[in-house]
Amino acid sequence: MVSLQEDRQEEAVCPICQEHLKEAVSTDCKHLFCRVCLAQHMEKALASGALCCPLCRKPYSEGVLGEGYICHKHQKRFQRFCEKSKCLLCVECLESPEHQSHSEPTIENAISHYKERLTRRFRKLRKDIGELQRLKAQEEEKLQALQEDCGNHKLEAELVSQHQNKGQLDIIPQQQLDQLEDTSAEEARILELSKAIAQISLLVADLESTAKELDANTLTTASDLLKRSTPKNLDELLSLLAPAGPVAN
C-alpha cells in the first residue's frame with residue numbers, strides 16, 4: 001500500500017521547474033522540491049547570504065538535501081565535483097592544497113556536463129549495435145548458404161559412391177572438408193558478433209539509465225561508465241565492425 005506521503009510526492013509538481021518531482025526533498029517548512037532544483041536555488045541563495053524557502057521565505061538548513069549532499073568531515077553542503085579524484089567537495093574541502101591547484105566545476109555544471117557526455121556515448125554505441133546486428137544478419141545468410149551447399153555436396157558424394165566413381169571420390173571429400181571449415185568459421189564469427197551485441201547493449205542500458213537519473217551521488221558512477229565505454233576499452237568488440245582497418249574514434 002502506497003503511503004500518503006509517497007502518493008503526494010508522485011502527484012506533486014516542483015514549484016521551481018514546474019515538472020513532476022524527481023528525488024523529492026522537503027524543506028523545514030514541509031514544501032517539496034526536486035533535489036537538484038533546491039540545490040541550485042541553495043547555491044544562489046547562499047551567495048546572497050539568505051537561505052529561505054522559495055515559496056514561503058521561511059529559513060531552512062542545508063541538511064534538507066540529504067546525507068549524500070553533506071560533507072561528513074566538515075558538515076557543509078557539497079558544492080563542487082573533483083573530476084580528478086572523483087569526489088564531491090564542500091567549501092572547506094576546496095581550500096585544501098590538493099584542490100587549490102585546479103578549477104572544480106559546480107555540482108550542477110558537472111551533472112549537466114556528464115549527462116551530455118553519457119547521452120552522446122550511448123547514442124553512438126546504439127549505432128554501433130545496429131551495424132553489428134546488420135553484419136550478424138549477413139553472416140547468418142552466408143552460413144545458411146554454406147549449409148545448403150554442403151548438403152548438396154553430401155548428396156552428390158552419396159550418388160558417386162553408389163556408382164563407385166573412384167576419381168571423384170578423392171575430390172568430393174576434400175570439398176566437404178573445406179566447406180565444413182568455412183561453416184565453422186562463420187559460426188564462430190556469428191558467436192563473436194552475438195557476444196559483442198549483448199555486452200555493448202548492457203553498457204548502453206547502464207549509460208542511458210545513469211544519464212536519466214544522474215545526480216550528485218552518481219557522478220562518480222557516470223565517470224566510471226564513460227571510462228569503460230571509450231573506443232579504446234571497447235576496441236576488441238568494436239573491431240568486428242572494421243575487419244579491414246582500425247576502429248574510428
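**Note on the predicted model**

1. Start with a loop. Arg57 lies in the loop that runs between H2 and E3. Its phi is near 70°, a positive value in a residue other than glycine. Lys86 is a second case: phi is positive here too, at about 55°, and Lys86 is not a glycine. Most residues other than glycine have a negative phi. Lys86 sits in the loop between E3 and E4. With a relative accessible area of 29%, Lys86 is partly exposed. Keep in mind that this is a predicted model.

2. Now the overall layout. The chain holds nine helices and four strands. Along the sequence they follow the order α-β-β-α-β-β-α-α-α-α-α-α-α. Of the 249 residues in the chain, 34% are buried. The accessible surface is about 15300 Å², and carbon and sulfur atoms account for 51% of that area. Take the contacts with a separation of 6 or more: 52% of them join residues 24 or more positions apart.

3. Next, the largest nonpolar core. It has 54 residues, and the members that touch the most others are Tyr114, Leu118, Ile200 and Leu219. Several elements supply at least two residues each, including strand E2 (32-34), helix H2 (35-48), strand E3 (80-82), helix H5 (107-163) and helix H7 (172-213). H5 gives the most, with ten residues.

4. Then the aromatic rings. The count of aromatic pairs comes to one. Phe81 and Tyr114 form it, edge-to-face, with 5.9 Å from centre to centre and 85° between the planes. The pair links distant parts of the chain: Phe81 is in strand E3, Tyr114 is in helix H5, and 33 residues separate them. Are Phe81 and Tyr114 buried or exposed? Both are buried. The charged end of Arg117 sits over the Tyr114 ring, 5.6 Å from its centre.

5. Thr27 deserves a look. Thr27 is in the loop between strand E1 (24-26) and E2. How can a loop residue be called buried? The cut-off is under 20% relative accessible area. Thr27 has 2%, so it counts as buried. Beyond residues up to four places away in sequence, Thr27 touches Phe33, Leu38, Cys53, Tyr60 and Val64.

6. Finish with Cys17. This residue is in the loop between helix H1 (4-11) and E1. Cys17 is partly exposed, at 30% relative accessibility. Leaving aside neighbours within four places in sequence, Cys17 is in contact with Cys34 and Cys37.

Key. Residues are numbered from 1 along each chain as its sequence is written. This is a predicted model: local features need pLDDT of at least 70, side-chain atom pairs count only at pLDDT 80 or more; totals for chains, interfaces and linings use all residues. Side-chain values use heavy atoms; hydrogens and water are left out. A nonpolar core is a set of buried Ala, Val, Leu, Ile, Met, Phe, Trp, Tyr and Cys residues joined through side-chain atoms within 4.5 Å. Buried means under 20% relative accessible area, exposed over 50%, partly exposed in between (1.4 Å probe, protein chains only). Contact means heavy atoms within 4.5 Å. Rings of Phe, Tyr and Trp (its six-membered ring) pair if their centres lie within 6.5 Å; planes under 30 degrees apart count as stacked, over 60 as edge-to-face and the rest as tilted. A charge sits over a ring if NZ of Lys or CZ of Arg is within 6 Å of the ring centre and within 35 degrees of the ring normal. Accessible areas come from the Shrake-Rupley method with a 1.4 Å probe; for residues, only the protein chains shown count as cover.
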